[in-house]
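Here is a short briefing to read alongside the structure. Topics are grouped for quick reference.

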Amino acid sequence: MTGSVGAPAERREGREKVSGTARYAGEFPSPGRAQAWPVPAGVARGRVTAVDTAAALAVPGVLAVLTHENAPRLAEPDDPTLALLQDARVPHRGWFVALVVAETLEAARAGAAAVRVAYATEEHDVTLTGSHPGVYVPEEANGGHPAVREQGDPDGAFDASAARVDVAYRVPPLHNHPMEPHTSTARWEDGRLSVHTSSQGTGAVRAVLAGLFGLPEERIVVTAEHVGGGFGSKGTPRPDVVLAAMAARETGRPVTVALPRRYLPAVVGHRAPTLHRLRLGAGADGRLASLTHEVTTHTSRIKEFVEQAAVPARVMYAAPHNRTVHRVAALDVPSPSWMRAPGEAPGMYALESALDELATELGMDPVELRVRNEPDVEPDSGRPFSSRHLVECLREGARRFGWAGRDPRPGVRREGPLLLGTGVAAATYPVMVGPSTATARALPDGSFLVRINATDIGTGARTVLAQVGADALGVPLERVRIEVGSTELPSAPLAGGSSGTASWGWAVHDACAGLARRLAGHAGPLPGQGLDHRADTTGAADAESDFARHAFGAHFAEVAVDTVTGEVRVGRLLGVYAAGRILNARTARSQFVGGMTMGLGMALTEGSTMDAAFGDFTESDLASYHVPVHADVAGIEAHWLDEEDSRLNPMGSKGIGEIGIVGTAAAIGNAVHHATGVRLRELPLTPDRVLTGLLDRRT
Amino acid sequence: MGNLQHRSQTTLRVNGKPHTLTVDHRRVLLDLLREDLDLTGAKKGCDHGQCGACTVLVDGRRVNSCLLFAVALDGCEVTTVEGLSGDGGGEEPHPLQRAFLERDAFQCGYCTPGQICSAAGVLAEAAAGHPSHVTDPAAPSGEPVPLDREEIRERLSGNLCRCGAYPRIAEAVEDVIP
Amino acid sequence: MREFAYVRAGSVEEATSAYASHTGARYLGGGTNLVDLMKLGVEAPAALIDVTRLPLDTVEELPGGALRVGAMVRNSDLAAHPLVRDRYPALSQAVLAGASGQLRNAATTGGNLLQRTRCPYFQDVSKPCNKREPGSGCGARDGVHRDHAVLGHSAHCIATHPSDMAVALSALGGRVELAGPEGARSVAAADFHRLPGDRPEQDTEIRPGELVTGVVLPAATAGLPSAYRKARDRASYAFALASVAVVLRLEDGVVGHAGLAFGALAHRPWRAQRAEEALLGAAPTRAAFEHAVDLELAAAQPLRDNAYKVPLARNLAVDVLSRLTDTAFTGRAS
């Protein structure tokens with residue numbers, strides 16, 4: 001490779017983004033375009049008995065009102081959340097029961113407000129408890145992980161352990177809230193459907209639309225040129241795209257559906273609440289004998305999604321006796337789904353907090369405790385790691401952070417009204433990769449064109465893939481153009497699971513390397529249309545590996561807790577990662593820091609409440625659901641090790657989009673304990689909880 | 001369509017060009033920019049003044065364009081991210097735009113125009129002596145407020161960024177402080 | 001949002017008479033809350049009387065040393081005004097502790113006073129709320145109410161008033177000036193907002209058609225040490241969990257004047273009169289502050305999930321009183 005990979009190349013679409021000319025899904029001018037506004041169900045469970053649309057249709061500018069009585073019939077989707085306006089059932093509050101299509105946004109909103117819906121309501125149950133009678137053990141958790149794993153005799157070993165921690169944690173529901181709400185514009189023309197959508201993967205959107213509308217995929221084009229974030233919530237098609245396609249077909253007009261922010265929590269997935277019980281038993285030397293992580297979570301009545309929060313405990317530490325269990329209750333709640341690092345984010349919060357408690361119990365440094373429990377092979381599978389440099393991350397992080405000489409005593413560092421503390425936590429995220437195709441073309445003018453239906457949701461995919469291609473071709477970066485974000489391009493998987501760059505990059509690498517070979521054997525000038533090479537990594541990218549493949553990291557946090565108010569401020573947050581080869585230092589840093597920022601939100605500010613009486617999330621807007629603001633983020637640093645791993649993909653890269661959030665909340669929570677001596681086991685650590693904890697400590 | 005008393009003619013100067021439109025009174029500036037003028041740089045993140053993605057400058061002051069009825073802005077001067085550089089075509093970026101590029105102060109880009117317009121407003125406000133929540137109350141009133149990192153962070157807190165580009169944004173703004 | 005007529009008023013008289021001649025009219029100031037509520041369907045005026053261009057956009061000294069702030073003065077200009085910063089620091093600090101730079105550039109002094117509660121049940125038209133729809137019930141009382149009132153709430157409503165500015169105005173002894181069909185009048189800021197009682201739909205003492213024309217800051221508190229402090233869920237751009245505004249004068253080593261008001265504890269800025277009385281004549285010690293504040297907060301009736309507000313408010317008040325005492329002695333906040 002010639003050296004594009006790893007360089008801090010500037011984002012290719014950067015200029016468009018800073019000048020405001022980058023167009024997102026709702027921003028393509030389209031003559032005659034109509035706007036649509038959905039109507040959410042006002043009850044938590046029941047059936048629609050009548051929809052009175054007369055007043056809505058009388059609103060000037062309203063073109064149509066779609067309800068389950070008149071909406072186009074769809075084939076049954078695999079994803080039940082997309083069976084929109086197909087029947088009278090209301091599976092949860094906020095489920096869409098009508099869609100108003102109008103000439104303007106104002107008319108659409110006024111029309112939606114004028115729709116009168118009558119319901120036959122049924123008793124609902126939305127409250128998750130550990131002892132909920134409906135709790136069951138599913139067949140598997142998200143990602144295909146078995147719900148239960150057990151080795152040895154965890155209970156016996158726990159009882160026999162010299163040092164024991166038996167604790168419960170709770171992570172509340174969390175919302176992805178990408179800055180661009182889920183938006184789609186659809187247009188039908190001559191039996192063909194074209195869609196601009198805000199999605200992490202247009203291939204899946206096209207496949208789902210083809211199924212729902214009974215169209216061959218060749219007659220559907222889906223593009224997502226720029227996507228205003230997703231964080232998992234745009235990983236699958238969402239109601240906006242189905243509703244837009246229905247409304248466009250029904251009205252014969254292009255239609256944009258931009259979901260109102262307040263409606264997102266109910267219809268685009270959320271991180272389900274998780275109740276954790278951790279039991280750690282260790283010898284006086286700190287070596288774990290027993291590790292049990294049991295998770296209880298919720299899902300909706302229509303779709304089983306089980307946050308795989310006990311899975312990281314199968315990867316992290318050597319404990320000969322262990323048990324990991326997932327349980328779930330199906331409630332009358334919105335369907336949960338992916339949110340940045342599903343499983344790892346809440347699971348590692350609990351595991352890494354419990355480990356900190358064990359360190360306190362043992363009187364051992366929490367970095368050393370982790371080092372001492374470093375496994376030789378992946379504990380659950382027994383497979384060797386393709387690479388694992390957690391210990392090096394911890395050591396390097398400790399060095400950079402100034403961890404050495406830390407006074408372990410909690411609650412003793414005071415500066416005026418502030419209590420100061422530091423904390424550490426480990427991070428992990430699995431390496432995922434999927435088959436992809438790509439083409440590379442050499443043009444007579446000496447430039448190259450790489451085409452692949454990757455999606456750039458802000459990760460810098462365009463830039464990084466061009467770097468991979470340039471190196472495989474052995475040419476300077478500026479000679480490589482790249483096209484992404486459309487189903488007209490060679491098919492590729494979604495931007496999700498931190499797998500995008502690995503999956504796409506592999507195909508781009510193979511296409512470009514193949515083209516380079518072709519060019520090497522080509523004599524004379526290129527033909528006018530250039531020379532092409534197509535790659536398909538099926539069979540290679542999806543081959544089973546003999547190795548356990550994960551990225552690892554370490555997080556260090558310094559906090560100040562105000563004893564007057566209970567407010568927590570993070571003065572420093574530092575992450576060190578071992579994530580294979582870093583392909584673009586500039587965009588990678590932004591991703592790591594971004595993940596850590598979301599982790600800071602998870603620790604301190606973000607949380608949502610399921611209202612027992614009404615069955616919806618109370619914090620439904622951005623004034624009440626507190627994503628961190630500028631002022632919350634003082635110093636965040638991300639560093640990485642030069643990790644070489646030849647058992648991954650041709651670039652030697654691991655995913656980096658999610659690991660930044662994993663462990664951050666635990667590091668901050670552990671620092672809050674170190675600062676105050678109070679162990680708070682429910683997130684987020686808002687002033688009400690922290691202050692109450694401080695007062696309880698005093699009495 | 002519509003009752004005449006629910007629509008009015010309004011004239012705005014947007015990025016230096018006058019526009020006279022008959023607007024539905026319900027039309028907010030953000031929708032006017034995006035739907036009527038095809039200026040989609042100002043973004044709709046929440047539509048309720050809770051995210052800052054729609055930030056533009058009206059008569060030189062940063063505001064949430066989602067909360068301003070266009071009819072009430074008759075005669076106002078509006079500057080959006082597209083017109084920030086002042087050269088009309090946007091060929092030569094504004095120093096803030098260049099700094100955001102150089103610092104990689106964004107990822108998905110959706111909050112970026114709002115961050116940039118907001119930062120432009122911040123620079124003007126600080127120069128005009130507007131204090132912030134973190135300004136020392138003992139600082140002399142009426143004097144320009146020096147913008148350190150903490151000031152920048154506080155003053156930009158009305159612009160959410162879910163990708164978490166905050167540290168880079170603060171650095172970018174710091175780069176253009178005169 | 002329903003369609004509405006729009007009238008731009010050029011004078012107070014034009015505004016009040018336009019209001020009178022349009023059924024279902026509302027005054028439009030900066031719109032930062034009204035437009036939000038119209039989008040939510042909580043407010044549905046038939047006409048908006050735009051008062052933003054009224055000549056009420058100045059801060060002026062009155063004979064005798066008081067300061068009048070026009071109702072159309074934008075929040076950011078109010079907070080930045082040298083006379084406000086120098087003489088009534090609590091007011092400047094309170095304004096700057098609220099909302100965002102963008103919102104403060106649009107929001108007006110009058111509008112800030114008249115903003116509605118951010119109770120999530122009030123904002124959601126699919127749920128019961130006695131404030132929005134009298135008689136429909138209160139969703140918050142048995143629902144999610146961590147942010148709600150601990151003082152002065154009623155069976156009908158537990159909402160809090162969200163303004164930071166109004167808390168400082170109350171502590172500073174400001175007055176609200178009004179103009180209406182029956183002429184002009186003024187009301188003490190501390191009495192301007194109401195407790196919910198059995199009429200939670202009525203936030204303030206304003207009468208139909210009346211317009212806030214300005215607020216007056218009294219000469220009595222001009223130049224006294226004053227401060228505002230707020231606790232919130234994130235470092236900026238969040239409503240208060242609790243807040244306090246304090247103005248304090250020490251005379252001969254004892255408290256000669258004390259103005260103290262809490263925010264986010266009640267349906268209105270909570271002027272802490274019992275605490276003020278207890279402070280008068282007391283030596284400025286931490287114990288005296290704690291005693292006075294406890295007297296005030298003894299009336300608190302926390303709900304299931306908001307008991308934390310009582311110690312939080314206590315801590316805030318004692319902290320600000322202590323700091324102001326230092327200021328009074330040294331001339332500078334510690």
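Predicted model: local features only at pLDDT ≥ 70, side-chain atom pairs only at ≥ 80, totals over all residues.

**Helix 6 of chain A**
- Helix 6 of chain A covers residues 239-251, which is 13 residues.
- At 1.5 Å a residue it should span 18 Å, and its end C-alpha atoms are 18 Å apart, so the two values agree.
- Of its 13 residues, 10 are buried, so the helix is largely enclosed by the rest of the structure.
- The buried residues include P239(A), D240(A), V241(A), L243(A) and M246(A).
- V242(A), A244(A), A245(A), A247(A) and A248(A) are buried too.

**Domains of chain A**
- Chain A is assigned domain 1 (14-21 + 434-536), domain 2 (34-123 + 179-229 + 234-267) and domain 3 (140-173 + 271-431 + 547-698).
- The centres of domain 2 and domain 3 of chain A, taken over C-alpha atoms, are separated by 37 Å.
- Contact between them involves 14 residues of domain 2 of chain A and 17 residues of domain 3 of chain A.
- On the domain 2 side, the residues divide into 6 nonpolar, 4 polar and 4 charged.

**Chain C against chain B**
- Here 34 residues of chain C are in contact with 39 residues of chain B.
- Elements of chain C that give two or more residues to its side include strand 1 (5-8), helix 2 (34-40) and helix 5 (89-96).
- Helix 6 of chain C supplies the largest share of that side, 5 residues.
- The chain C side divides into 16 nonpolar, 11 polar and 7 charged residues.

How values were computed: Residues numbered from 1 in each chain as written. Chains lettered and ligands numbered in written order. Contact = placed C-beta atoms within 7 Å. Helix = DSSP H or I, 4+ residues; strand = E, 2+ residues; numbered from the N terminus. Nonpolar A, V, L, I, M, F, W, Y, C, P; charged D, E, K, R; others polar. Domains from an automatic or database assignment. Expected span 1.5 Å × (residues − 1). Buried ≥ 20, exposed ≤ 12 C-beta atoms within 10 Å, placed from the backbone.
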